[in-house]
Amino acid sequence: MTTIGMLHYRKHPEKVLKAYAFAAVAKAEGVDFFYFTPGKVNMEKKTILGYALEKGEWIERKMPFPDVIYNAGSPLTEKAYDIHEKLSEQIPFTSHSPGSKTSVYERVKKNGQFSQYLLPFMMIKSMKDVFEFLAAHQNVVIKPVSGHKGIGVIFIEENNGTYTVINQDDTSTYSKQTLRELLNPLVIDEEYLIQRYVSSKTKYGSAYDFRLHVQKNGEGKWVITNIYPRIANPGKIVTNLNSGGAISMLESFLIQEFEEESYNVKRYLEQFSLVFAEHMDKIYDESFDELGIDVGLDANRKIWIYEVNWRPGVPPTFDLELDVARNTIHYAVYLSNKFHGR
C-alpha cells in the first residue's frame, strides 16, 4: 500500500482546510496518508512525527518516511528549505514551483512556441518605465511581482495626457505629475511589473477572465479539473474572488456571451489548457502536477495568458476540493509506483 505524506508549513492540519479532504479521499482510495511539517522530520532515523486522520480526529503518530510527498506549501525558513531538499533527494515530490510570474513569462517567451499568447510586460525600475510603457500600450495593469489574490493590482488608461486609474474601490483621473506621486512610493518599496491590459468584457460591460485548472491523473496525464469564468464587479477590473469578483458556470456563461459559438470557445479553452500544461512540463526540468492558468479573450477571441499559478486555490461554489484531492492522490500513487519501480 502506498503511503503519502502531505508536507506543509502550518503546525497542525486543522489549520489547512484541504488536509481533511485529502485524508478522506486517500482513505476511500485505500491509500495511507499523513500530514507533517519540516520541523518534525528526523533525517537520521528516517522517521516523521506526523498526524493521521482516525475516526474524524487528527492523531499524532511517529511514521516512517512516506513513499511519496505531496508538497502542499513552500518552505518559509532556511532550515525548512534544507529539510525539503534532503527529503526530495530520497522521496519523489508531486510538484515543483515554476517560479515567479516573471520567470515563467521569460521561460515561455524564450522557448517561443507559446510566446504569441504572452502579454507584453516589463519590470518597473523607474517611473520612466511606466510612462514609456503607457505611451506604447495605453491600457495597462500594474501588479506586485509577489502578489496574489488580485491584491495590489492597479489599472491605468492613458487618454491625451490624462490617466484614468482604477485602484481597488477607487476610480480617479490623474495628471502625469499626480500619477507619478501615486505610484512612485509603491515601486520604491516593492517589486512591480507593468503589463498590457486586454479588455475582456461581458455584454453587460463587466471585466472577466478564465481560470483553467488542470491536474495530472493516475496515469500521469494532464486532465481538466475545471474551467470557469471569473467576473469583476461593475467598474472594476480585478476578477479574483478575494477582491470581490464572482464566478459562473462555464457553459451557461459561454452561451450568454457567445451564443452559437459557445461550443467552439469551450473547445478552444479546453484544448489550450491541456496543450499548454504539456508544454510547461517540456520547458522545465521538473514536471508539475497541478496548474491554474489565468487567461483572457480579446475582441478577436484570441487567448492571452495573464499568469500561471502553482497550487491554485479552488472556489467553494463547485465543490472542487474532492476533485482536486482525488486527482492528486491518484497521481501521487502513480508517481510512487514509477519511482519505486512497481
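Which residues in α5 are buried? The legends below take this up along with other close-ups. The model is predicted: local features need pLDDT of at least 70, side-chain atom pairs count only at pLDDT 80 or more, and totals for chains, interfaces and linings use all residues. Residues are numbered from 1 along each chain as its sequence is written, and side-chain values use heavy atoms, leaving out hydrogens and water.

**View 1. Helix α5 and its buried residues.** In α5, Leu179, Leu183 and Val187 are buried, where buried means under 20% relative accessible area, exposed over 50%, and partly exposed in between (1.4 Å probe, protein chains only). Helices (H or I, at least four residues) and strands (E, at least two) are DSSP runs, numbered from the N terminus. An α-helix has 3.6 residues a turn, so residues three or four places apart point the same way. The buried residues of α5 pack against α4, β8 (139–144), β9 (154–159), β10, β11 (170–174) and β12 (192–196); contact here means heavy atoms within 4.5 Å.

**View 2. The kink in helix α5.** This helix covers residues 176–189, 14 residues in total, and spans 20 Å from its first C-alpha to its last, close to the expected 20 Å at 1.5 Å a residue. The expected span is 1.5 Å times one less than the number of residues. At leucine 183, shortly before proline 185, α5 has a kink of about 35 degrees. The bend at a residue is the angle between axes fitted to the seven residues ending there and the seven starting there.

View 3. The structure holds 15 aromatic pairs. The ring centres of phenylalanine 131 and tyrosine 163 are 5.8 Å apart and the planes meet at 65 degrees, so this pair is edge-to-face. Rings of Phe, Tyr and Trp (its six-membered ring) pair if their centres lie within 6.5 Å; planes under 30 degrees apart count as stacked, over 60 as edge-to-face and the rest as tilted. Phenylalanine 131 belongs to α4 (residues 127–137) and tyrosine 163 to β10 (residues 162–167), so the pair ties together parts that are 32 residues apart in sequence. Both phenylalanine 131 and tyrosine 163 are buried.

**View 4. Strands β13 and β14 in an open sheet.** Five strands form this sheet in the order β15-β14-β13-β16-β17, with antiparallel pairing. Each of the edge strands, β15 (246–247) and β17 (303–310), has a single partner strand, so one side of each is left without a neighbour in the sheet. Strands pair if DSSP finds at least two bridges between them. Nine bridges join β13 (residues 208–216) to β14 (residues 222–231), and tyrosine 208 has isoleucine 231 as its bridge partner in β14. Tyrosine 208 is buried at 6% relative accessible area, and phenylalanine 210 is buried at 0%.

**View 5. The hairpin of β4 and β5.** Eight bridges join the antiparallel strands β4 (residues 47–54) and β5 (residues 57–64). Glutamate 54 stands opposite glutamate 57 in β5. Two residues lie between the strands of this hairpin, where lysine 55 takes a positive phi near 55 degrees. Most residues other than glycine have a negative phi. Lysine 55 counts as exposed, at 87% relative accessibility.
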